[in-house]
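Me: Hi! Could you walk me through this one? I have the sequence and the model open.

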Amino acid sequence: MAQALCEILRQEKYEVDHCPDGISGSAAAESGLYDLIILDVMLPGKDGFAILRDTRRAGVGTPILMLTARGELEDKVAGLDGGADDYLTKPFLMQELLARLRALTRRNINSADGSLSFGDITLDIGTATLGCSSTGQSVRLSEKEYRILEYLIANQGRILAREQLAVKIWGYENEAEYNNVEVYMSFTRKKLAYVGARTTIKAVRGIGYELRCTDV
């Protein structure tokens, strides 16, 4: 069933990773690399409720949809109270699952107008445009620049390792070298400077990168 679901999601233009057990699933969930998590309860090694609990304790706010045969009221309450964003029981209609995934994806956007913001910058999701409230300037971003800023803004307050960024932007199967991260990070910094933003991308030596904003 998991393999069939993965194939359908790929046909719907989602990029999908499948973890067949609770141990690998927990590690993937806590990585913070994903935009959305579909989580079963009855998994070998570690059950879904434990994965949910540990993921939220790790400070990961990725939307989580519980997809499980455990349909008793107490199970639903445990899942939703434990931090799940939605709970769908088997059997289910694929149209409903896809609609719920779309709703969760929309909910993960920080504002109602389809933008992400941090400090004095705003990232328009529909047009991949970087805007600066301090200067009123804006500029279009390349795909990689957009995805770097999107990931940094979505994880504001956290330091992201270069390895995390490489996997998030280029994917697990891609053989892009880690210095690609530094190259595109430089491009993104130049775009921030171009619009006159007080928000900057700071390198934390030996750890990774984070967004910071200098107050006036």
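**Hairpins and helices**

Reply: Happy to. Strands β5 and β6 form a hairpin with 4 residues between them, and Ala-128 in its turn has a positive phi of about 55 degrees. Strands here are DSSP E runs of at least two residues, helices are H or I runs of at least four, and both are numbered from the N terminus. This is a predicted model, where local features need pLDDT of at least 70 and side-chain atom pairs count only at pLDDT 80 or more, while totals for chains, interfaces and linings use all residues. Residues are numbered from 1 along each chain as its sequence is written, and side-chain values use heavy atoms, with hydrogens and water left out.

Me: How many bridges do β5 and β6 pair over?

Reply: They pair over 4 bridges, in the antiparallel sense; two strands pair if DSSP finds at least two bridges between them. Ile-121 stands opposite Cys-132 in β6.

Me: And which residue in β5 is the bridge partner of Leu-116?

Reply: Leu-123 is that partner. Strand β4 (residues 115–118) runs antiparallel to β5, joined by 4 bridges. Their hairpin has 2 residues between the strands, and Gly-119 takes a positive phi near 55 degrees.

Me: Which residues of β5 are on the covered face?

Reply: Ile-121 and Leu-123 are on the covered face, with Thr-122 and Asp-124 on the uncovered one.

Me: Switching to helices: at what angle do α6 and α8 pack?

Reply: About 80 degrees, with their axes 9 Å apart. The axes are lines fitted to C-alpha atoms over the stretch in contact, and angles run from 0 to 180 degrees between N-to-C directions. α6 and α8 are therefore roughly perpendicular to each other (65 to 115 degrees; under 35 is roughly parallel, over 145 roughly antiparallel, the rest oblique).

Me: Which residues make the contact?

Reply: From α6, Lys-144, Glu-145, Ile-148, Leu-149 and Leu-152; from α8, Tyr-184, Met-185, Phe-187, Thr-188 and Lys-191. Contact means heavy atoms within 4.5 Å.

Me: What about aromatic pairs, how many are there?

Reply: The count is 1 aromatic pair, with rings of Phe, Tyr and Trp (its six-membered ring) pairing if their centres lie within 6.5 Å. Tyr-184 and Phe-187 have ring centres 5.4 Å apart and planes at 85 degrees, so the pair is edge-to-face (over 60 degrees; under 30 is stacked, the rest tilted). Both lie in helix α8, 3 residues apart, about one turn of the helix.

Note on methods:
Buried < 20%, exposed > 50% of the residue type's maximum accessible area, 1.4 Å probe, protein only.
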